[in-house]
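Student: I have a protein model open and would like to learn how to read it. Please take me through some features one at a time.

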Amino acid sequence: MTFTSDKMRFWSPEVRELEPYVPGEQPKIQNLLKLNTNENPYPPSPKVVAAVQAVLSNNADALRLYPDPDATVLKQAIAHQQNVNIDQVFVGNGSDEVLAHIFKAFFIQKEPVLYADITYSFYPVYSQFFATQTKQIPLNEKFEIDVSDYTQENGGIIITNPNAPTSIALGLDQIERVLKANPDRVVLIDEAYVDFGAESAVALVNQYENLVVCQTTSKSRSLAGLRVGFAIAQSHLITALEAVKNSFNSYPIDRFAIAAAVASFEDQEYFETQCQKVIESREHLVSDLTALGFEVLPSKANFIFATHPQHDAALLAQQLREQGIIVRYFNKPRINQYLRITIGTDEQNQRLVDTLKTQVL
């Protein structure tokens, strides 16, 4: 929707210039196969459903009273699962809100914040929203992050690991190089997809006072509909995030989300089993697409980034859509011949492969 300048006179000047983040579409199409938003193809743990149902059945005041502003039981569950102290855990309404608080708490500096030129597209939005100075660092010719590029002067560093939309992961040795080279600036490692085969930098938190690790329950724990994200860092950084949170919204997580997330973190066996299923399906899909002539970047996420030398990516996306299959296409420099494809169930992946074979290629 667009408005005339006369209507926009009510807007704050900064808002007139904002270019908001555009999420993957959520269309309502019958028999749709949705492989465009990196949602988990499997439901959350049955214990999650039971925990949500119990919120109302066991507590008549569940909706009348505010939830715990500190979400203490959730922080305890995360701390136990991640093997950290509770004062090293921060929680928020999805990892996007956690990222916003991180920008406000650490990245409003005189020097530019560094992040890759091809990465999560919310970073430029937050940079504009918070008037953060930034500098985008080009990925190399293999679409990899070259950590030697992150030794220059900066006001903070953001690395998505595995990166999105490229799906490529860094090892902890490379992350440590960045941390050691920037001891006086916060280094954020955004790990939305880490549970699908990458190494988590949480293992480094106690060694580096400048490290913040951000994760989400939306992907590997199948809780995208409840919006729970968290950060792990040393307590002096967590205290700064709490100050920002309590200056913005003291109650970011509702009772249902707290109960669901706690149940998820307590069901480690189910979590690990589902992640492994996605990993195995990913490798099978990569093999099938490679056999069809696609070139696929090495993925450690619940999606792949693929191109076909003989077929235009935008046209492929359109042809798949006509067959009821939606994948993510980015009309951006360097990656406009790639498709980001979420890993579905084996049956869903097979439908994609069969459609490509018989209807598209």
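This is a predicted model: local features need pLDDT of at least 70, side-chain atom pairs count only at pLDDT 80 or more; totals for chains, interfaces and linings use all residues.

Student: Is S45 buried or exposed?

Tutor: Buried means under 20% relative accessible area, exposed means over 50%, and partly exposed is in between, with a 1.4 Å probe and protein chains only. S45 has a relative accessible area of 4%, so S45 is buried. S45 is found in the loop between β1 (33–35) and α2 (46–57). Helices (H or I, at least four residues) and strands (E, at least two) are DSSP runs, numbered from the N terminus.

Student: Which residues is S45 in contact with, leaving aside neighbours within four places in sequence?

Tutor: Contact means heavy atoms within 4.5 Å. With those neighbours left out, S45 is in contact with D267 and Y270. The side chains of S45 and D267 are also joined by a polar contact of 2.6 Å. A polar contact is a pair of N or O atoms within 3.5 Å; within protein, one must be able to donate a hydrogen and the other to accept it, and residues adjacent in sequence count only if both atoms are side-chain atoms.

Student: How many disulfides are there?

Tutor: A disulfide is a covalent bond between the sulfur atoms of two cysteines. The rule used here asks for a pair of cysteine sulfur atoms within 2.5 Å. By this rule the count is zero.

Student: How many salt bridges does the structure hold?

Tutor: Side chains of opposite charge can pair when their charged atoms come close. A salt bridge is a side-chain nitrogen of Lys or Arg within 4 Å of a carboxyl oxygen of Asp or Glu. The structure holds seven salt bridges. One of them joins the side chains of R64 and D61, at 3.0 Å from N to O. R64 is exposed, with a relative accessible area of 60%, whereas D61 is partly exposed at 28%.

Student: Where do K245 and E242 sit relative to each other?

Tutor: K245 and E242 are three residues apart in helix α7 (residues 235–245), so they are separated by about one helical turn. Their closest N and O atoms are 3.8 Å apart, in a salt bridge. Both residues are buried.

Student: What does R282 touch?

Tutor: R282 lies in helix α9 (residues 268–291) and is buried, with a relative accessible area of 2%. Not counting residues up to four places away in sequence, R282 touches several residues, including F196, S299 and I343. Its side chain reaches the backbone oxygen of F196 at 2.8 Å. R282 also forms a salt bridge with E283, with the closest N and O atoms 2.8 Å apart. E283 is partly exposed, at 42%.

Student: Which residues of helix α5 are buried?

Tutor: In helix α5 (residues 122–129), the buried residues are F122, Y123, V125, Y126 and S127. They pack against α4 (94–106), β3 (113–116), β4 (134–137), β5 (156–160) and β6 (187–190).

Student: What is the phi of A131?

Tutor: Phi of A131 is near 55°, a positive value in a residue other than glycine. N83 is not a glycine either, and its phi is positive, about 60°. N83 lies in the loop between α3 (72–82) and β2 (89–92) and is exposed at 69%.

Notes. Residues are numbered from 1 along each chain as its sequence is written. Side-chain values use heavy atoms; hydrogens and water are left out.
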